[in-house]
Amino acid sequence: MKNNGFTPDGFLTWWTCAERTHIEECRSRLEAIKMAGVMPETRRPIACLRDAVDEVVGTKHVMVRSLANANGLQVTAEQKGADQNHYTGQMVFHLQSDGVRVQSLNGPLPWSLTQKINEKYEAAYLYYAAASVGRILRAAACIRLSGVGVRPGGGVYWVHGDSLPQWMQVRDAVVRAATRGRTEVFVIEHQLTTEAAKAVYSGLHQEVEAEIGDILKDLGAAGKRACQSRQDQATLLLEKIEKYEAILSQDLESLRNKAEAARASAHTAALLAVTATS
């Protein structure tokens, strides 16, 4: 990428994501650059099968239930009656190494149904949808690289210029793992002018307020682990604020005080939770 002869103080970035991105290829490429932590947890096959079944045959008149071995699902039709409801098993979906086998319990099934279920299952199990890739990119930009959103509705993020090489590696990883459609990640490098600094501060302020709201929400009803997790969240938020004090050459005491108060509240809630269970 041409940098026009200057070292950027920061950059704006946003993206459009492919319809499908291969999960394992994306994971492999992100692991290679030590960024695999931004990926969501791998979904269990049975959860992907349930999504496929719900999409293809799910209606308000059928029930989808797991089998005892947790490796398949049964679809049962429900017919409401005046005195009692009637239930008829329709089909069973079995997870196998080569895909999904469909077993009919009530007459022949069209081949197209088996084909459609397998297509939907494969899409859910092997590929990320566009929204999932967007979440990966946001986690990389805002959590791993300490960026902030600068557009009230989201979608445009500011990241410090020191992180540009890492961001380009992340971009290449998700772009190359796309299998249907294209993922495009856009970058505008710039110097941190007074007006740019105002925009960055505004984004940081909104993020801090939102994070503190999450930390304090229903804190009194949270358990010990949840309180400790929120305390850790507040600590990370404080570290980010301190980093931006250096970036913006600005005292962010008001934001620090709010984050410190939220951390103290989470700490107190954790102690109370321990007392309540002892």
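Reply: Buried means under 20% relative accessible area, exposed means over 50%, and partly exposed lies in between, with a 1.4 Å probe and protein chains only. This is a predicted model, in which local features need pLDDT of at least 70 and side-chain atom pairs count only at pLDDT 80 or more, while totals for chains, interfaces and linings use all residues. Residues are numbered from 1 along each chain as its sequence is written, and side-chain values use heavy atoms, with hydrogens and water left out.

Me: How many disulfides does a search of the whole structure find?

Reply: The search finds 0 disulfides, a disulfide being a pair of cysteine sulfur atoms within 2.5 Å. C17 is in none, and the nearest cysteine sulfur to it, that of C26, is 10 Å away. C48 is in no disulfide either, with the sulfur of C26 again the nearest cysteine sulfur, at 15 Å.

Me: Switching to K240, where is its place?

Reply: K240 is in helix α7 (residues 224-248); helices (H or I, at least four residues) and strands (E, at least two) are DSSP runs, numbered from the N terminus. K240 is buried, since its relative accessible area is 9%.

Me: Which residues does K240 touch?

Reply: Leaving out residues up to four places away in sequence, K240 touches C142, S146, G147, V148 and E207, where contact means heavy atoms within 4.5 Å. A polar atom of the K240 side chain lies 2.9 Å from the backbone oxygen of C142.

Me: Now the aromatics: how many pairs does the structure hold?

Reply: The structure holds 5 aromatic pairs, counted when rings of Phe, Tyr and Trp (its six-membered ring) have centres within 6.5 Å, with planes under 30 degrees apart called stacked, over 60 edge-to-face and the rest tilted. One of them is W15 with W167, a tilted pair at 5.9 Å centre to centre and 45° between the planes. This pair links distant parts of the chain, as W15 is in strand β1 (residues 10-16) and W167 in helix α5 (residues 164-177), 152 residues apart. Both W15 and W167 are buried.

Me: Which residues do ring pairs link into a cluster?

Reply: The cluster consists of W15, Y157 and W167.

Key:
A polar contact is a pair of N or O atoms within 3.5 Å; within protein, one must be able to donate a hydrogen and the other to accept it, and residues adjacent in sequence count only if both atoms are side-chain atoms.
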